Each structure stands twice: as C-alpha cells, then as structure tokens.
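The sequence and structure come first.

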Amino acid sequence: MSSSPEKVPIFNPNSGAAAHTKKIPDPFRSMRVEPDEALKHALLKLRPRPVSLSGSTSPYSESEPDSDSSNPNPLTAATNYAALLSDELLLKVLDKIPDWKQHVSNSLVCRRWCVLCGKLVKSIKLIDWEFLESGRLSFRFPNLEDVNLVPACIKSARNSGILLSNKLIEVRLSSGVLESDEGLFVRKEDVLDAKEVDRGVTILAEGCKNLRRVVLMNVSEEGLNCFAKECELLQEMELHYCGDFALRGIYNCKNLQILKLNGNINGVYDSVVSDIGLTILAQGCRRLVKLELVGCEGSYDGIKAIGQCCQMLEELTICNHRMEGGWLSALSYCGNLKSLSFQSCKSIDENPGLDEHLGSCMMLEELHLRKCQMRNKQGVKALFLVCQSIRELVLEDCWGLDDSIFAAATIFRRNIRSLSLEGCSLLTTQGLESVVLSWKEVDRLRVVSCNNVKDSEITAELATLFSVLKELKWQPDSRSMLSAGLAGTGIGQKGSRSLRWK
C-alpha cells in the first residue's frame, strides 16, 4: 500500500488559519498618524514662538495645551507682540505715523491702543458740550495743547445743513435763525450761559494743564481766572463774545503772548469791547507780543494804554474797528511795534488831528492794508505819517485808492524797500511811477490785478528802475506783456543786473 505525499497548508488571509500564522512586524507603524492628527500637528508647528521678557525663545510642543481651549483654530491664538511693548515705546511707534486718519483706525484696535492714541492728540475742536462737562474730554485726551470751544458754545442742531464759515468763526446754524428780527446769525439765546461755560472751562483747565492755546466764547472773569491758575503754559488765547470786565480774568496769565479779541463780528454776533476793556487788557497782559483787535470800540486812551503797558508788543492787527476820531496818534506810544495791519476797516481815522501831534512809530518795519476803505485822504495821509519809517508796504483790495491818495506814500522815500499792490483798480501807471521813482532804496516791486496800470504806458525812467530791482512781479492784468513793453531796455540780457522773475 503506497503512501500519499504530505500536503503543505496554503496561507489564506481570509481563513482562520491566519490567526495562527506568525505576523511580520511593520517598522513604519509608529510613524503613522491619523489625517486629523497630522493637520493639527502642522498647525501647531506654524504657531509663532513665544518671546520672553529676557529675549529667549522656546518652541511650542505638541503636548502644550492651547492658550485658548475654546478656540478651535490655533492660528487665531497667536501671541500679541504689541502687548510686550511698554506704553512709552508703543507711543513712540504710533507717533511716527504721519496720517491722522490712521490714528483713528489704530484707536479701534483695543482699549489700550485707544488710550495711547488719545495721548497723541494735541488739538481738538469741540462740538458736543456734554462731552466736556462729563470729564470725558480731559480723560480721553489728557495731553491737549490747542482747544477750540466755540462750536460747542453755540446751540444748534447737529444735523443742520447750514454752515457759517469765515476767517473769524465757523458754526452750524438752525433754520430758525433766519426768522430773527435781530439780523444776527448767532443770537444771545443761542449762546451758552456764562456760568455754564465757566463750569466747562474749569473742568478743561484742571484736566489739561498743558494747554498752550484756547479759543473761548462768552466766558466770564471766573473762567479766565481758572485758566490763569491751572494752565501756566498758556501762551495764546482767542476770545469771542466777551465784555469789558471779563478781561480782568486774564490778569494773571503771566505767559500770555498772543491774544485775539473779537468784540463784534458784523452780522454774526454783537458784543462790546471799549476803552475800559482795552485798559484792563493792557494792565494785565504786559508780556503780549502779538495783539489782534476785531470789531472793538475805543479811542485814543485805550490804544495809548496798550502802548504804554505792553512794551513787548511787536505785531498789532486792527480789523473792522469802531474807534473814535483821533485814536491814530496813540500808536506812537507803541515803541517796539514792528508790524501794523489793517483789515476790513471802513475808515482809518475820521479826524486824525494836526500832523505835529501824530508822532511816529520809529521801530515799525511793515504796514499792511487789506480790504480797507481809503477814500479819506486825510486819514490815509495821517497813517502814512505815523508809519513813515516802514521798509515794506502792502496794499491789497483797498477801495478808493487812486493816484491822489497814493501820492501820500512819497513820505516813505527814505527807508522803504518793498511795495506790493494787488487789486488796486483805480491806480494808474502815472500814479505808480510818481511815487515809486521818489523812493531811493526800493528794490522789490509786486503789481498784480491793477487794471489801470498798463504796459504801454511804462516810461524809460520806470523801465530803468525795473532793471535794477532784485525782485519784480508784474501782472497788472491778464494781457500784460512786460517783455514786449520793455524791449530795448536791456532787462534780462547777459551782463545786466540779476533780476529774479516770479
């Protein structure tokens, strides 16, 4: 009996014999991870390394718990590097941003940035008076240096579409103001009461002691006293709608150097500043360097008090004045005055008096007249006599300035070096020539928009004067052709005196 060959068992992975078969070990099993675990591992590796205050770094580990377990996305839990900077260093960084709009966006990042950006604000124009009274203004912007309270002192609808704006004031008005019989855009009942203004001013002065410039409206002596006491660095002040006796409050403003006093603004509001206020002002502000009087009443006595007490005064501007006749001679008491300006004045002086009583400002260097009525020949002559030592004369858009009145400027023949004429339509070429040729030291001439000054009327003497000027701007009208009118005079040719065209 023959024996059959022994059968070798065949391995079938699907059979039960596989369980009794020895398994081959997999060397890559320990490196295999689930897909979700792999993504989390990659995200953790992308997270930035924390920076310690000592400057050392340490990488995150997989076993490190997430800083925000409620946030499933590790990328949003990145370290806030700005939080590691001190306030002083972060302020220096934010201060380097030139665009103011960017500071507004930066203040929305977080509460800390809002506080720091508020410290960078130096100037503000207040619209909401409640924001000041609540104390939020000084808390939000503690380092303010320039504050304008006028828009908030006038009661008006915030959404008003009527905006009154000029160089002196800018406010929003309600439609009811047009129905007023007073003929004023800002009525008395539209302005906050003086006691309410004083309360807000006190809060501002106590909270912002670094103020250097303020613009106030209807403030009383008490409010100004608070500024004088709390803000020792205050140097510039602008006052609207203030009476004479309110000016006693600035008596203790020892460092006040620039003051703009608005007594009356035609058609806007009406208040009175007279000789009483000017005298109080003179005695209290002895360190004034620049003074501007807008719509102020007064006379010889008020201007004399300013000249005698404010011996450091160098710039004086008089706008739309209501001075009595004879006040002009008081300017001679301003011994250190260097610049004198008249703006929008209906007259210079109706009755200046005798020439020998006028005196003169010996240190005066500049005289500016803009949008002034110069039809009164006697007043203009008296003004030129007081200012006979000037080196620069500027006349812009002055009504009534014709050849006969401009002839009074021949008194400047000794010292004057510069003349600027603009918008003087009554002045002719002959009138200009007769005055300019009498001046011995003139070397700068500017003639713009003077329609009666013609190129064709330029004489040889005037052309010769043009050839020696250091500066010349000649545009009397849109048809001016100076090069054609000066043909053959040698101006601008090689070897002639240097001439700068503007």
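Lysine 260 counts as buried, because its relative accessibility is 14% and the cut-off for buried is under 20%. The model is a predicted one. Lysine 260 belongs to strand 7, which spans residues 258–262 and is mostly covered, with four of its five residues buried.

Which residues are in contact with lysine 260, leaving aside its neighbours within four places in sequence? They are Lys167, Leu168, Met237, Glu238, Leu239, Glu292 and Val294. Among these contacts, Met237, Glu238 and Leu239 fall within strand 6, residues 236–240. Glu292 and Val294 fall within strand 10, residues 290–294.

## Strands paired in parallel

Strand 7 has a parallel partner in strand 6, and five bridges join the two. Within this pairing, leucine 239 has leucine 261 of strand 7 as its bridge partner.

Strand 7 also pairs with strand 10, again in the parallel sense and over five bridges.

Strand 10 is mostly covered, with four of its five residues buried. Strand 10 runs parallel to strand 12 (residues 315–319), and five bridges join them. Here leucine 293 stands opposite isoleucine 318 of strand 12.

## Isoleucine 265

Is isoleucine 265 buried or exposed? Isoleucine 265 is buried, because its relative accessible area is 5%, and under 20% counts as buried. This residue lies in strand 8, which covers residues 264–265.

Leaving aside neighbours within four places in sequence, isoleucine 265 is in contact with Leu168 and His240. Leu168 is also one of the contacts of lysine 260. Isoleucine 265 and cysteine 296 are separated by 31 residues in sequence, while their C-alpha atoms are 9.4 Å apart in space.

## Helix 9 and its cover

Helix 9 spans residues 221–230, and its buried residues are Gly223, Leu224, Cys226, Phe227, Ala228 and Glu230. The cover over these residues includes helix 8 (194–207), strand 5 (213–217) and strand 6 (236–240).

From helix 8, the contact involves Asp198, Val201, Thr202, Leu204, Ala205 and Glu206, which meet Glu222, Gly223, Cys226, Phe227 and Glu230 of helix 9. By class, this contact has five nonpolar, two polar and four charged residues.

## Helices 10 and 11

Helix 10 (residues 275–284) packs with helix 11 (residues 300–309) at an angle of about 5°, their axes lying 8 Å apart. The two helices are therefore roughly parallel to each other.

Which residues make this contact? On the helix 10 side they are Asp275, Leu278, Thr279, Ala282 and Gln283; these meet Asp301, Gly302, Ala305, Ile306 and Cys309 in helix 11. The residues of the contact divide into five nonpolar, three polar and two charged.

## Helix 12

Helix 12 (residues 377–386) is mostly covered, with seven of its ten residues buried. Those buried are Gly379, Val380, Ala382, Leu383, Phe384, Leu385 and Val386. Their cover includes strand 14 (339–343), strand 15 (366–370) and helix 13 (403–406).

## The protein as a whole

The protein has 502 residues, and buried residues make up 42% of them. Its secondary structure comes to 16 helices and 20 strands. The accessible surface comes to about 28200 Å², with 51% belonging to carbon and sulfur atoms.

How many of the contacts between residues at least 6 apart in sequence join residues at least 24 apart? The share of such contacts in the protein is 66%.

Note on methods: Residues numbered from 1 in each chain as written. Predicted model: local features only at pLDDT ≥ 70, side-chain atom pairs only at ≥ 80, totals over all residues. Heavy atoms only, no water. Buried < 20%, exposed > 50% of the residue type's maximum accessible area, 1.4 Å probe, protein only. Contact = heavy atoms within 4.5 Å. Pairing = 2+ DSSP bridges. Axes fitted to C-alpha atoms, helices over the stretch in contact; angles between N-to-C directions. Parallel < 35°, antiparallel > 145°, perpendicular 65-115°, else oblique. Nonpolar A, V, L, I, M, F, W, Y, C, P; charged D, E, K, R; others polar. Areas by Shrake-Rupley, 256 points an atom, 1.4 Å probe, with all protein chains shown as cover.
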